[in-house]
Amino acid sequence: MRVNPNYTSDMVNLMDQAQQNEENAVQQLSTGRRINLPSDDPAAEAAMVGENSQSAAVDQYTASSDSLTDVLNTANSTLNSVTTLLQRAVSLGVEGANGTMNQTDLNSIASEVSGIQSQIVGLANTSYAGQYLFSGTVTGTAPYAADASDSSQIDYLGNTGQNKVQIGTGLSVAANLPGSSIFSQSGANVFTALQSLVTALQSGDSSSIAAAGTSVSTALGAVNTAQVFYGNTVNELTTNETYLAQEKVNISTYENTLVSADTATAATDVTQDETVLNATIAAAAQVNQQANLLNYIQ
Amino acid sequence: MGLTADLNVSVQSLLAATEAMDVTTTNIANQNTPGYARRTVILEEAAPSGGDGSTTGVDVKAIQSMRDTVLDLSINSATSQQNMSSTIASSLAAVQTVFSDTASGSIGSTIDAFFSSLQELSTSPSDGELRSDALTAADNVASSFQSTAAVITQAQHQADQSVVQETSDANSLLQQIATTNGAISLAKNLGQSTDSDEDQLSNLLSQLSAIVGYNTVNSSDGLTLTTSDGTPLVVGNTAYALTNSLNANGFNDVYAGGTDITSSIQGGTLGGDLQTRDQTLPTMATQLDQFAYQFAQAVNNVQTAGSDVNGNTGTAFFDPPDTTSGDATGAAAAITVALTSGSQIAAAASGGSSGDNSNLTNMTNLQNQSIINGDTPTDAFSNLTFSIGNTISQANSGATATGNILTQLQNQQSSIEGVSLDEESSNLLLYERSYQAAAKVISTVDTLMGNVLDMGVTDPGY
């Protein structure tokens with residue numbers, strides 16, 4: 001077969017190709033990425049969409065957990081204060097029921113209990129970032145307000161609504177407890193119990209005082225039970241955040257395997273492509289120096 | 001036999017050698033001329049001259065153009081294919097950047113951010129700041145749909161502009177091909193050589209193949225050129241004028257002699273631009289419109305089932321045009337956020353309090369529901385990403401593969417048709433010697449004839 005006399009275009013092709021390969025490898029090294037556009041690896045880029053979405057979701061679950069933890073911790077410490085106050089009321093009741101005090105002393109105890117009651121109303125109306133913590137989902141309205149017509153003198157204005165917040169795929173936690181499940185449960189109403197203690201102390205009847213003191217204890221028990229919810233939820237959130245952090249690492253690792261350049265291979269490629277390019281250029285130069293028959297025909 | 005016969009034969013030799021050297025000169029001169037196929041001289045023994053026929057000279061039987069028309073056709077068809085693939089890849093390149101995982105503000109990332117903002121809002125549903133954040137995130141979703149739709153439309157318009165340019169280029173080549181066709185059949189009728197016209201035709205066909213794919217049929221009045229599906233472009237010395245005319249979509253259709261041939265054009269840069277403009281991008285635009293439309297509808301359905309912060313029933317969140325007929329056309333370009341204030345986000349269940357987040361939960365759940373033609377929003381975007389990436393990647397590998405075939409074919413073509421300087425130099429030497437030898441014979445015959453004429457002279461004077 002006759003030999004192709006015009007091999008220069010071939011050489012240009014080869015040089016182009018070597019240069020292109022080298023550029024790719026250098027780009028991989030400088031960006032650290034094997035893929036920069038969907039056409040570089042359509043399947044990997046398509047998978048990246050899912051991974052990025054997953055990653056954003058994990059970030060959001062973490063942020064939601066953080067926000068929720070702050071709210072729940074505030075509620076929890078509020079309930080701690082309520083517990084302390086109620087414990088004081090219980091011991092005041094015991095003091096008043098032992099029958100050794102005169103009415104003047106009982107009256108001053110009664111006014112202290114009354115003070116405790118209004119302090120607890122204040123605590124039950126605690127808000128966080130403008131949202132009342134214990135009014136169910138009526139977060140714009142303070143849950144407790146004075147009402148002379150009510151037996152406890154205090155009215156619950158919230159509802160029994162409970163929000164759920166997503167903290168993982170298919171995983172959500174209750175974000176609040178309504179006041180009706182903490183302070184004003186039927187049979188364990190904090191305000192009714194305190195009000196009855198005040199009334200009993202003012203009447204000076206030891207057995208009434210003792211009975212009222214017992215109902216304050218019952219109410220205290222109910223508050224403590226509610227407090228467990230906050231403690232448990234905060235624990236759950238903490239555990240979940242640890243899990244989410246690990247999940248984030250897993251996603252990043254997978255994303256790396258999808259798009260990251262293998263730097264060792266890329267570096268080797270640069271060297272190899274450089275060698276090929278140099279060799280082709282050298283060969284081209286050599287060929288162009290090669291004499292043709294015309295040089296010998298005189 | 002005889003000296004006169006020798007003289008005649010030698011003169012023939014001189015003429016043959018001269019003609020052979022002419023061919024060599026032509027070859028050397030056109031070494032780099034596009035479309036040129038090298039020529040060779042075919043010599044043959046001439047009819048015997050002289051009485052007994054023992055002396056035969058040489059004749060130039062033919063000057064042959066070493067053209068391999070089948071190979072030329074394969075090269076042109078590969079060129080058309082390669083140009084079509086590379087045009088598709090390059091005209092979609094701008095579109096795929098908005099689908100890259102590193103692109104900021106891609107549809108995928110803004111939808112993720114939208115759902116994140118709703119989840120953040122669910123931790124404190126009546127928080128005004130979080131509500132405006134969610135509204136901003138929704139605005140970003142609408143803008144990302146709009147800008148992606150705009151990128152697609154722009155790519156279509158760029159392809160359309162190329163179509164106009166390529167139509168005019170192809171038209172001018174078709175006219176030249178028709179003219180050359182006419183020149184060839186005229187030369188044939190006159191019994192003249194058509195070689196240089198064939199070279200010209202070959203060059204024109206090669207240029208045309210870069211712009212558009214075609215088929216050729218040889219007929220009595222020269223080459224007939226048709227599109228891949230047989231629509232005529234050039235018949236003999238008549239070219240069907242290629243023109244453009246705007247279609248209903250505002251794009252330029254291609255007409256040949258008044259017939260719309262847009263859909264029968266395949267191959268070449270024109271074929272690539274038409275495929276991008278009329279097939280690939282419209283398909284993507286339709287998918288994008290449905291994506292925007294169905295996304296908006298799904299969010300709106302949840303939104304209108306709930307109550308906003310003031311206890312009012314939710315109104316549509318997004319506003320894709322024409323929500324009644326279900327026609328999604330143009331939805332991606334036109335989608336906007338209908339709500340004007342964060343307070344209008346229906347976070348609460350119907351009739352729920354301002355602090356209720358149960359409807360938000362329904363809304364964030366959309367992220368994992370198959371609301372876009374049976375896919376989740378993430379999967380829908382992922383599919384679009386794959387689709388554009390794969391189209392370009394396939395076009396690229398198609399271009400590379402055809403490029404390799406083309407290199408192979410061009411090597412083969414060059415090995416048959418290409419001029420080799422070494423070969424021509426050697427031929428030059430050969431014919432020079434041949435000329436010198438014939439000249440020597442003439443001078444020898446001359447001497448001998450002189451001797452004969454001088455035979456009766458006593459002193460010939462030498």
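Contact here means heavy atoms within 4.5 Å. The model is predicted: local features need pLDDT of at least 70, side-chain atom pairs count only at pLDDT 80 or more, and totals for chains, interfaces and linings use all residues. Residues are numbered from 1 along each chain as its sequence is written, chains are lettered from A in the order in which they are written, and side-chain values use heavy atoms, with hydrogens and water left out.

**B:Arg38**

B:Arg38 sits in the loop between helix 1 (3-29) and strand 1 (39-45) of chain B. Helices (H or I, at least four residues) and strands (E, at least two) are DSSP runs, numbered from the N terminus. B:Arg38 counts as buried because its relative accessibility is 6%. Buried means under 20% relative accessible area, with a 1.4 Å probe and protein chains only. Leaving out residues up to four places away in sequence, B:Arg38 touches A:Arg2, along with chain B residues including B:Gln64, B:Met66 and B:Glu423.

**B:Gln303**

B:Gln303 belongs to helix 6 (residues 268-303) of chain B. It counts as buried because its relative accessibility is 0%. Beyond four places in sequence, B:Gln303 touches residues including B:Phe317, B:Leu339, B:Gln344 and B:Met363.

| Side chain | Partner | Distance |
|---|---|---|
| B:Arg38 | B:Glu423, side chain | 3.5 Å |

**Interface of chains A and B**

Contact joins 51 residues of chain B to 44 residues of chain A. The buried area is about 3800 Å², and carbon and sulfur atoms give 48% of that. Buried area is the accessible area (1.4 Å probe) that two parts lose on being put together, summed over both. There are 19 residue pairs in polar contact between the chains, both residues at pLDDT 80 or more. Helix 9 of chain B gives the most to the side that touches chain A, with 14 residues.

The rule finds one salt bridge across this interface. The side chains of A:Arg33 and B:Asp101 form a salt bridge at 2.7 Å, N to O. A salt bridge is a side-chain nitrogen of Lys or Arg within 4 Å of a carboxyl oxygen of Asp or Glu.

Key: Polar contact = N/O pair within 3.5 Å; in protein donor to acceptor, adjacent residues only side chain to side chain. Buried < 20%, exposed > 50% of the residue type's maximum accessible area, 1.4 Å probe, protein only.
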